[in-house]
Amino acid sequence: MNHDKDTDDFFNAISRIEVSVKNSQDDIRKLYLHSARQEMAIESLNEKIDANQQENRERFDKIDANQQENPERFDKIDANQQENRVRFDKIDANQQENRERFDKIEDTLAIIVNHLQK
């Protein structure tokens with residue numbers, strides 16, 4: 001009977017070791033799969049980051065190109081403003097001349113009306 005009990009204990013121990021090894025193997029597979037998924041996710045994220053960086057570089061290049069055009073545009077705006085100042089100065093001078101002419105006409109008409117009333 002001792003012999004059977006020892007054999008049963010031996011087989012139970014072996015069976016428990018086999019279950020433990022199988023569970024460990026399953027855990028290792030799960031860890032490997034998890035690790036592989038993580039690597040794939042990291043690779044996907046890196047690809048997305050690279051694509052975003054490239055897109056941002058292109059955007060910054062466009063911004064730089066626009067900024068290089070801006071001084072030329074500002075120079076044109078300044079030139080237009082100067083031209084407009086000259087035009088407004090001429091308009092102001094014309095208005096002043098017209099005021100002086102109307103003042104003279106008004107004075108002349110006042111003289112004529114006064115002369116006619118006498």
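**Close-up 1. Glu-55 and its salt-bridge partner in the predicted model.** Glu-55 is partly exposed, with a relative accessibility of 34%. This view is taken from a predicted model. The side chain of Glu-55 forms a salt bridge with that of Arg-59, at an N to O distance of 2.7 Å. Arg-59 is likewise partly exposed, its relative accessible area being 47%. Both residues belong to helix H1, where a spacing of four residues places Arg-59 and Glu-55 about one helical turn apart.

**Close-up 2. The salt bridge between Asp-26 and Lys-22.** The N to O distance between these two side chains is 3.6 Å. Asp-26 and Lys-22 are both located in helix H1, which spans residues 2-117, and they lie four residues apart, or about one turn of the helix. Asp-26 has a relative accessibility of 23% and is therefore classed as partly exposed. For Lys-22 the relative accessibility is 48%, so Lys-22 also counts as partly exposed.

**Close-up 3. The salt bridge between Asp-26 and Arg-29.** Here the side chain of Asp-26 meets that of Arg-29, with an N to O distance of 3.0 Å. Asp-26 and Arg-29 are three residues apart in helix H1 and are thus separated by about one helical turn.

**Close-up 4. The network of Lys-22, Asp-26 and Arg-29.** Salt bridges link Lys-22, Asp-26 and Arg-29 in a network. Side chains of opposite charge can pair when their charged atoms come close. The salt bridges in the model number four, among them the bridge between Arg-59 and Glu-55.

Key. Residues are numbered from 1 along each chain as its sequence is written. This is a predicted model: local features need pLDDT of at least 70, side-chain atom pairs count only at pLDDT 80 or more; totals for chains, interfaces and linings use all residues. Side-chain values use heavy atoms; hydrogens and water are left out. Helices (H or I, at least four residues) and strands (E, at least two) are DSSP runs, numbered from the N terminus. Buried means under 20% relative accessible area, exposed over 50%, partly exposed in between (1.4 Å probe, protein chains only).
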